[in-house]
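Biologist: Got a model to go through with me. Can you put it up?
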Amino acid sequence: MKRLLFFLSALTLFLLSGIAQGAEQPQVIWLIADKLSLDELNSAKTPNIDYLQKKGAFSLMNVRTAGRLQTESAYLSAGAGKKCLESKYSQTGRNIGSAVLNNQISLIKEDNKGNNYNPEIGLWGKIARENDLKIAVLGNSDTYWNEKRTVVAMLMDENGYIPLGDVGKDLLTSLELSKYPWGYQTNWQAIKERYYQYTSLVDTLVIETGDLSRIEEFRGQLPVDMINFEKKKALERVDSFLGFLLTQLDLTETQIGIIVPTPPDKMIRQGAKLSWLLLAGRNICQGYLSTSTTRRKGVIRITDLLSIFMLTNGIKQEMKIISYPGKFSWSELKLLNKRITLISKFRPVFIKGFILLQLLLIIIAILGIVWGKFKSFSIINFISEYLLIAVLFVPFNYLIISNLPILTAFAMIFSLLFLTLVELIVVEGLIRHYLYRVVFIALLTILTIGYDLFHDYSLMADSLLGYSSIIGARFYGIGNEYMGIFIGGFLISFTGLIEIIRDYKNGIEKYLIPAAVPIFLSIVYLIGSPTLGANFGGMITFLLAGGTTYYYLSGRKNVFRIILLSLIVFLLIIYLDYSGFLRIRSHIGQAVFRIIQGDWQYILLVIKRKLSMNLKLLRWTIWTRVIFAFIIYLLFVFKKPGPRLKDLFIKRPYLKAGFFGGLAGSIVTILVNDSGVVASATILFFPMLTLLYLYK
């Protein structure tokens, strides 16, 4: 009898599993687990999430929005595919029969009217409807005190409507309010019942898990240990539900995701502003995840979620999913997050230190001009000489120490000092000529930057002088700080090398000057190519800076040819970008496309944003002080140049060409870059410090 019962049970399970596998299933199922940190994930027992991680890909996620980093603005940004401003009306959601409605969407649109990113609220649902994709939403983040159905704002169409879903209180279990002041807990049995109802009806199902964010809301009002313990239990309940899903789904047909729209508030206050996500199954390979909008290993933007949804459901669009194959662990993602956070937190301190050292050198130089005896003191000469070499190495050193396995500010400072000491010993001991020292340092810096452009920007991204994945203004290519360093360093090293060659064999340098044209064009491509530097403003800057340098190198001849060649190269790169020949269309190529389509409003918004950014930077950024200090120094030098500067320019006419090219580049870059003030200061870095070092 027992054998018969066992046989019947096994046969029943086999038949049921066959039905489950044979039934239609959604192409996408995402679980929203807001306010979940990687530390909290590691502290809980989550075998099913860990299993998904071994099968799929994970990534940190930049969740910066158009305003404050809030849950409301994050969900809206995900749904619009562009940065949105927060709106309290995005918490609204009601069951209307079997559908869900946010009847306050007009007020959300009103709150985003002044948003420079011009988002289309309700785009996710609109795209789904227009492509006949059926989406459904389940769950909420309600507490006893407030209704929070923000997940509706992510998936709704332009009318606030989602055709299928349930965000009501029947998906919640009431708790003892005196013990659990958030008042509710997600009823996973009710979620399972809705899942069975929806599974064959929809293409995409998004489930708001709810408990983690509602518990996190009471952090600060209850003991920390209690909050952490309750979040741990809540996460384990999510993991248990995920285990249920894994028994129901075929991962070759369905993509399962764990999406964390915003990190816990305590982490945001500590500067850890990156969130994360995990995707597995359909269209996802194991490893780190990225997209063509970031091209950054293990980093995407929250606005990429809409494009990932579209790609998974077969809707073509420009963004691509990029996989970095490999067996990566949670600890490695945590380490990446900590390193990015550390660099972002201390980046302003290191940049200010770099700038203050430049200002100190300018002050010493001006005092030396005004009061000649000042520089006669041996101690002043000693300090200024060694300090100049140390400061010249800073851009290179910031690239190196930013990528060491360092997790404390003290370790970064120690590494910087040790590296600088070694460099001073090598340069002072092995290179006797002042010009040769400068050229060596400039070459080392620009070659390192050039190497990085061909190796996924692993040095510049999230470096002390590069761009930040947390700020999110840029994720790939060459940022304005290192663009300026690269252009100024190249002009000084190139013209300096001509001077060095002339020192060894006078006259041969005249045969090298024509080689400047193909070399300069290569630099233009390196800076401007969407697949390398991707800095269109930097490309324009170098066209003028390089053209000015070549004008002086060629003895102020061929002006028309220089202008015509620059214009042809400029137009050619724009055409190649727009046409898609370079595979990835940059924002300039997109702008040209918008112009052809007659979307002048977009261009006006871009111009307005660039002007606004530069005016803001001129007023507030510390880089402005560097530019003013350089200008004041130049006024002193050129007003009363004396025999030393005249002799320098007579003796080093090719170096003079690089210097004037840098000046021209620093002027034009303010007009063509979002943060042109920063680029202007860094372009002058090598030319000005070279002048300081040689003007003795």
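Biologist: How do the residues of the lining of the largest cavity divide into nonpolar, polar and charged?
Modeller: Eight are nonpolar, one is polar and two are charged. Here Ala, Val, Leu, Ile, Met, Phe, Trp, Tyr, Cys and Pro count as nonpolar, Asp, Glu, Lys and Arg as charged, and the others, Gly among them, as polar. Keep in mind that this is a predicted model: local features need pLDDT of at least 70, side-chain atom pairs count only at pLDDT 80 or more, and totals for chains, interfaces and linings use all residues. Residues are numbered from 1 along each chain as its sequence is written, and side-chain values use heavy atoms, with hydrogens and water left out.

Biologist: Which residues line the largest cavity?
Modeller: Ile 492, Leu 648, Phe 649, Arg 652, Leu 655, Lys 656, Phe 659, Pro 687, Thr 690, Leu 691 and Leu 694. Lining residues have an atom within 4 Å of a cavity point; a cavity is a set of points on a 1 Å grid over the protein atoms alone, where a 1.4 Å probe fits but cannot get out.

Biologist: And which element gives the most to that lining?
Modeller: α29, with four residues. Those giving two or more are α26 (642-651), α27 (653-672) and α29 (685-694). Helices are DSSP runs (H or I, at least four residues) and strands too (E, at least two), numbered from the N terminus.

Biologist: What is the volume of the largest cavity?
Modeller: About 90 Å³. Volume is the space filled by probe spheres set on the grid points, which are joined across faces, edges and corners. The whole structure has four cavities of 30 Å³ or more.

Biologist: New topic. Is Ser 468 buried or exposed?
Modeller: Buried, because its relative accessibility is 5%. The cut-offs are under 20% relative accessible area for buried, over 50% for exposed and partly exposed in between (1.4 Å probe, protein chains only). Ser 468 sits in the loop between α17 (434-453) and α18 (480-504).

Biologist: What does Ser 468 contact, leaving aside neighbours within four places in sequence?
Modeller: Ser 344, Asp 462, Ala 473 and Arg 474. Contact means heavy atoms within 4.5 Å. A polar atom of the Ser 468 side chain also lies 3.1 Å from the backbone nitrogen of Ile 470.

Biologist: Now α21. How many of its residues are buried?
Modeller: 14 of the 18, so α21 is largely enclosed by the rest of the structure. Just after α21, Gly 555 takes a positive phi of about 75°.

Methods: On a 1 Å grid over the protein atoms alone, a cavity is a set of points where a 1.4 Å probe fits but cannot get out, and a pocket is an open set with protein on both sides within 12 Å along at least five of seven lines; lining residues have an atom within 4 Å of a point. A polar contact is a pair of N or O atoms within 3.5 Å; within protein, one must be able to donate a hydrogen and the other to accept it, and residues adjacent in sequence count only if both atoms are side-chain atoms.
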